[in-house]
Amino acid sequence: MSTSLLESVWSPRLLSVLRIVAALVFMAHGTQKILGFPAGASPAMFSLSWIAGVLELFGGALLVLGLFVRPVAFVLSGLMACAYWIAHAPRSFFPVLNGGDAAILYCFVFLYLVAAGGGAWSLDNLLRRTR
């Protein structure tokens, strides 16, 4: 397979796969916080944890669909940066010890989506092509 084929055909598709998989796993954090599924207690309404859960659930759903990818990813990247510095960094300097490695990865994957967009398989791409 040539490099140009990878760049022109598969790169946008794999960007969509990255977006969808990251968003589905991210949504699981929201369902745990907001719906108590698969297991978990719902935090108090309008607490930081509850607001994070709402953003995780609904922002993740928008990312799965590929709708408003850039602004949603921007908000979620900021959410994960705040989550890291508020909840994880005070525990330890090292991400592997403070449990913040997922927050860091989400932060930078979402930041990448801000720049790259939703990829070939996104509603944003479909809407842009139909105009």
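Colleague: How much of the contact count, at a separation of 6 or more, comes from residues 24 or more positions apart?

Modeller: In this predicted model, such pairs make up 62% of the contacts in the protein chain with a separation of 6 or more.

Colleague: And which elements is the chain built from, helices or strands?

Modeller: The protein chain has 6 helices and 0 strands. Along the sequence, the pattern reads α-α-α-α-α-α.

Colleague: What are the spans along the principal axes?

Modeller: The C-alpha trace of the protein chain extends over about 45 × 30 × 25 Å.

Colleague: What share of the residues is buried?

Modeller: The protein chain has 131 residues, and 32% of them count as buried.

Colleague: Turning to charges, how far apart are the mean positions of the positive and negative ones?

Modeller: They lie 8 Å apart, for 8 positive and 4 negative charges in the protein chain.

Colleague: How much space is in the largest pocket?

Modeller: The largest pocket holds about 430 Å³. Its lining consists of 19 residues, and Lys-33, Ala-52, Glu-56, Met-80 and Ala-83 are the closest to the pocket centre.

Colleague: Which of them gives the largest share?

Modeller: That is H3, with 7 residues of the lining of the largest pocket.

Definitions and conventions:
Residues numbered from 1 in each chain as written. Predicted model: local features only at pLDDT ≥ 70, side-chain atom pairs only at ≥ 80, totals over all residues. Heavy atoms only, no water. Helix = DSSP H or I, 4+ residues; strand = E, 2+ residues; numbered from the N terminus. Buried < 20%, exposed > 50% of the residue type's maximum accessible area, 1.4 Å probe, protein only. Contact = heavy atoms within 4.5 Å. Lys, Arg positive; Asp, Glu negative; His and termini not counted. Charge placed at Lys NZ, Arg CZ, Asp CG, Glu CD. 1 Å grid on protein atoms, 1.4 Å probe; cavity = no way out; pocket = protein on both sides within 12 Å on 5 of 7 lines; lining within 4 Å. Points joined across faces, edges and corners; volume = space filled by probe spheres on them.
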